[in-house]
Structures are given as structure tokens and as C-alpha cells.
Amino acid sequence: MHDVKVFRQMHRQRFGADPMIFAAPGRVNLIGEHTDYAEGFVMPAAINFATLAAISPRSDGRIAIYSENQGEEKLFEGVQRKGTKQWTDYPMGVVAILAGEGHKIPGFSLTIWSDVPLASGLSSSAALEVATALAVLALIGASYPGPALAKLCQRAENEFVGANCGIMDQFICVNAQPNHALLLDCRALSYQLAPIPDHVALVIANTMVKHSVAGGDYPTRRRESEAACAVVASHRPGVKFLRDCTLQDLENWRAEMEPKSYLRAKHIVSDSLRAEAACRALLKGDMKALGRLMAEAHWSYSKDFDASCAEADAMVEFAQDLPGLIGARLTGGGFGGCTINLVELKDAPAFAEALGARYAQRFGIVPQIHVCHASAGAHRIE
Ligand code: GAF
């Protein structure tokens with residue numbers, strides 16, 4: 001139902017008021033995985049899947065949130081201070097952070113609808129947070145610059161939802177540009193846009209293995225990598241994050257690290273370098289170099305970071321000899337979710353079909369495969 005008229009009507013019928021409507025996209029990360037919380041580089045793009053949020057004021061001071069996807073409406077007496085481990089934590093987390101920033105939050109009704117696939121590593125959570133933030137900010141007549149808005153939504157996820165994610169997802173959701181990837185320096189929160197050529201499609205292949213940032217593996221990898229950073233920091237006091245470490249540092253003090261920690265850190269330090277190199281390749285139009293970097297990134301993520309699974313590795317392998325492939329890798333937080341395949345646009349439909357068929361034959365599951373393009377960041381829909 002990506003029909004805004006139908007969505008507007010849905011809100012009107014339920015809440016009896018004409019809403020303002022906002023859209024926030026999902027994202028795919030082209031390269032740079034688990035580097036954001038290490039203050040390194042990432043290079044995501046927004047995709048043409050989105051969460052819509054419709055908002056209108058209420059006179060009873062309450063907060064009503066209806067999700068068409070969940071088929072459920074929740075009514076709150078006002079801003080909640082703590083999460084309840086339900087889907088409402090994402091929108092309510094944003095509201096709680098805004099209230100904590102000193103904004104007076106009036107009663108409102110919010111309708112949510114999304115076609116960003118859930119639990120697939122395409123940032124449905126960030127899309128929900130950012131759509132809510134834009135809606136509530138418009139209601140109270142406030143606004144934030146892009147990077148600050150992204151930080152605010154990240155805080156909702158860290159502090160209210162309790163998922164220890166970095167800044168990538170919220171940042172790209174807010175700041176994306178159509179037809180561009182964005183190289184983000186997660187320390188400075190500054191970025192460079194790199195055009196994705198017209199002849200290249202983003203083919204996203206869902207392994208159908210569920211992914212979650214709130215689950216155990218994501219924070220475990222984060223802890224393991226940070227332990228290696230602490231070893232380097234004990235020798236070089238200026239070091240705070242893996243962003244400050246070189247590959248040589250990791251080699252120098254490898255003997256003092258748990259073998260796992262060394263490998264996790266090696267992935268992060270090298271993937272951050274690869275993200276910068278991938279941006280240079282994209283700016284030069286050097287698709288061969290970009291494809292090579294994506295392949296290296298996948299196997300680093302799979303073997304050194306141990307964040308892949310048999311299904312994702314196979315999805316990447318099945319893509320290798322298909323006509324039109326530029327590069328393929330597992331994207332997002334890991335342990336399932338989707339692969340991103342950069343594919344020549346003219347070959348994309350046949351590529352998607354052949355990849356799906358190979359995967360279905362091997363695993364007995366028909367994967368969802370989406371031929372996407374890089375899309376705009378979050379915005380109001382008039
Ligand atoms: C998830 C997190 F939310 C991001 O912050 C990032 O760490 C990503 O996994 C891995 O690159 O999407």
C-alpha cells in the first residue's frame with residue numbers, strides 16, 4: 001500500500017483528524033560493517049522501501065500509536081520513561097528522548113505503516129525512529145540539523161530500546177540523497193556523496209534468516225572488538241576507538257589479545273579502510289575495484305568477524321558467475337538478513353531470477369529479491 005491517499009484516509013478514519021505525513025527510508029550498506037561504533041567509515045545508501053508516519057494533535061493529552069503492520073493500536077497516558085520490549089519502544093523512545101531534551105510533548109495520534117522488510121538488516125528500526133522524529137518535531141514546531149537528528153534517534157535505540165547500535169542507520173535514513181551512496185565519517189559525522197551510476201542496480205537478496213541488532217551476537221562482536229582496542233590503548237594512550245588503531249598496531253600487540261578479539265578488530269580496521277577505498281572507486285567509476293573490495297569485505301566479515309551464516313555465504317557464492325555482477329556481500333548487522341549485489345541494470349531482472357532459483361534449490365526456501373535504487377532521505381509528504 002505505498003499509496004499516501006489510502007494511508008491518509010486510514011489515519012482520518014481511525015483518529016478523525018487530517019494528519020501531516022512523513023516518510024523515512026530503509027537502507028542498504030554497500031561497505032563498512034561494524035565500523036560505525038568504532039568511529040570508522042561506512043558507505044550506505046537509502047533504498048526505495050519506506051516507513052510512513054501520519055500525525056495529528058489530540059486534545060486529551062494522550063499518545064495513541066497505531067501500526068498497520070502490527071495490526072495494533074496502543075494508548076499511553078503520556079510520554080513513557082522506560083521501554084516495554086514491544087514495537088512501540090521505537091516510536092516512544094524517540095518521544096522520550098525529545099522530552100528529555102526539554103521539548104514539551106502534547107497529546108497526539110500517530111499512524112505507522114512500512115514496507116521496509118523486518119528483521120532483514122535493512123534498518124526498519126531506524127526508519128521507524130526517524131519517521132516518528134520528523135512527525136513529532138513538526139507537531140511541536142521544532143527541527144534539528146541532519147546529524148543531530150540522527151544522533152537523537154540513535155539515542156532512542158541505545159537508551160530506550162536497549163540496542164547498542166552505532167550511528168550509520170539513522171544517519172543515512174536522515175541524510176541520504178537519491179542515486180548516491182554516502183561515505184560517512186562516524187567520528188566527525190561529516191560525509192561525502194558518491195554517485196551510483198545509472199547503469200548500476202542495487203539487488204538486495206534476502207536469505208530469509210532473521211537478523212536482529214538487539215540479539216546477543218551483535219553486542220558480543222562489539223565487546224570482542226573493543227577488547228582488542230583496549231589492548232592497543234594500554235600501549236598507546238591516545239587510542240580510544242578502533243578508528244585510532246592501524247593494522248600494524250593489531251599485529252604488534254596480537255600476542256596480548258584473545259585470538260577472537262584480534263580477528264574482530266582486524267575486520268573492523270580493514271573494513272573501514274575498504275569503505276574509504278570503495279568511495280574513491282565509486283567516484284572514479286572504477287566498478288572492478290569496487291567489486292573486489294566488496295568481495296574482500298564479505299570474506300573478512302564472514303571469516304574474521306564471524307558474522308555471516310551458511311545461507312549468506314552461499315547467496316554471495318551463487319552470485320559470482322551470474323552475468324552483470326559487479327560485487328556481492330552480506331550487508332547490515334550480520335547473522336542473517338540480506339546480501340547486497342551491485343549489478344548492471346540491464347542484467348538485474350535475469351540476475352535476480354537466477355540467484356533466487358539457485359538459492360531455492362539449495363535451501364528449499366524462496367528468497368525475496370528486490371531490484372532497488374538509491375533513494376532520498378526522510379522527508380515530509382505534502
Ligand atoms: C546495525 C547497526 F544498527 C549499525 O549501527 C551498524 O553497526 C550495523 O549493524 C553494522 O555495520 O545495522
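**Ground rules.** This is a predicted model, so I noted the limits: local features need pLDDT of at least 70, side-chain atom pairs count only at pLDDT 80 or more, and totals for chains, interfaces and linings use all residues. Residues are numbered from 1 along each chain as its sequence is written, and side-chain values use heavy atoms, with hydrogens and water left out.

**Asp 313.** I placed Asp 313 in helix α10; helices here are DSSP runs of H or I with at least four residues, strands are E runs of at least two, and both are numbered from the N terminus. Asp 313 is buried but has no salt bridge. Buried means under 20% relative accessible area, exposed over 50%, and partly exposed in between (1.4 Å probe, protein chains only). A salt bridge needs a side-chain nitrogen of Lys or Arg within 4 Å of a carboxyl oxygen of Asp or Glu. The nearest side chain of opposite charge is Lys 303, at 5.5 Å; Lys and Arg count as positive, Asp and Glu as negative, and His and the chain ends are not counted. I did find a 2.7 Å polar contact between the side chains of Asp 313 and Ser 308 (N or O atoms within 3.5 Å, one able to donate a hydrogen and the other to accept it; residues adjacent in sequence count only through side-chain atoms on both sides).

**The sheet under α10.** Helix α10 (residues 310-319) lies across β8, β9 and β10, running at about 175 degrees to β9. Angles go from 0 to 180 degrees between N-to-C directions, with axes fitted to C-alpha atoms, for helices over the stretch in contact. I traced an open sheet of 4 strands, ordered β9-β10-β8-β11, with antiparallel pairing; pairing takes at least two DSSP bridges. β9 and β11 are at the edges with a single partner each, so one side of each has no neighbour in the sheet. β8 and β11 pair over 4 bridges, and Ile 204 stands opposite His 370 in β11.

**Salt bridges.** I got 24 in the structure. Arg 155 meets Glu 101 at 3.2 Å between the closest N and O atoms. Arg 155 is in helix α4 and Glu 101 in the loop between α2 and β5, so the pair ties together parts 54 residues apart in sequence.

Conventions: Contact = heavy atoms within 4.5 Å.
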